[in-house]
Amino acid sequence: MKTENQADKKFIHKNGTTYFSKQTERQILFVLTSAMLLWGLVEGIRSYLN
């Protein structure tokens, strides 16, 4: 069973390695995927207009 202290940590740094909670990893990947999609849309619109 997780304690409250473990559940609140999003990043854990042990022995020179950073670990993420599953929820944090999903949030980071969602933001990066959204940014890449937005970038692709902007580039597509730029190439269409030029």
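**Surface**

Accessible areas come from the Shrake-Rupley method with a 1.4 Å probe, and for residues only the protein chains shown count as cover. I noted that this is a predicted model, where local features need pLDDT of at least 70, side-chain atom pairs count only at pLDDT 80 or more, and totals for chains, interfaces and linings use all residues. Residues are numbered from 1 along each chain as its sequence is written, and side-chain values use heavy atoms, with hydrogens and water left out.

**Confidence**

I checked pLDDT, the predictor's confidence in each residue, from 0 to 100. The protein chain has a mean of 89, and 86% of its residues reach 70 or more. Where is confidence lowest in the protein chain? It is lowest in helix α1 (residues 4-8), at a mean of 59. Helix α2 has the highest, at 96. I kept a rule in mind: where pLDDT is low, the predicted coordinates should not be read in detail.

**Fold**

I counted two helices and two strands in the protein chain. Along the sequence they follow the pattern α-β-β-α. Helices (H or I, at least four residues) and strands (E, at least two) are DSSP runs, numbered from the N terminus.

**Burial**

I looked up how much is buried. Of the 50 residues of the protein chain, 2% count as buried. Buried means under 20% relative accessible area, exposed over 50%, and partly exposed in between (1.4 Å probe, protein chains only). Thr 24 has a relative accessible area of 5%, so Thr 24 is buried. Thr 24 lies in helix α2. Which residues does Thr 24 touch, not counting those up to four places away in sequence? Thr 24 touches Lys 10 and Phe 11; contact means heavy atoms within 4.5 Å.

Glu 25 also has its place in helix α2. Glu 25 is partly exposed, with a relative accessible area of 42%. From Glu 25 to Lys 10 I found 15 residues in sequence and 8.8 Å in space, C-alpha to C-alpha.

**Nonpolar patch**

I found a nonpolar surface patch of about 480 Å², made by Phe 11, Phe 20, Ile 28, Leu 29 and Leu 32. Patches are made of residues with over 30% relative accessible area and no salt bridge: like charges are joined within 9 Å, nonpolar side chains (Val, Leu, Ile, Met, Phe, Trp, Tyr) within 5 Å. Helix α2 (residues 22-49) gives the largest share of the patch, three residues. Phe 11 is in strand β1 (residues 11-14). Phe 20 counts as partly exposed, at 42% relative accessibility.

**Aromatic pair**

The structure holds one aromatic pair. The ring centres of Phe 11 and Phe 20 are 5.2 Å apart and the planes are at 70°, so the pair is edge-to-face. Rings of Phe, Tyr and Trp (its six-membered ring) pair if their centres lie within 6.5 Å; planes under 30 degrees apart count as stacked, over 60 as edge-to-face and the rest as tilted.

**Salt bridge**

I searched the whole structure and found one salt bridge. Which side chains meet in it? Those of Arg 46 and Glu 43 do, at 3.3 Å, N to O. A salt bridge is a side-chain nitrogen of Lys or Arg within 4 Å of a carboxyl oxygen of Asp or Glu. Arg 46 and Glu 43 both lie in helix α2, three residues apart, about one turn of the helix. Glu 43 counts as partly exposed, at 36% relative accessibility.
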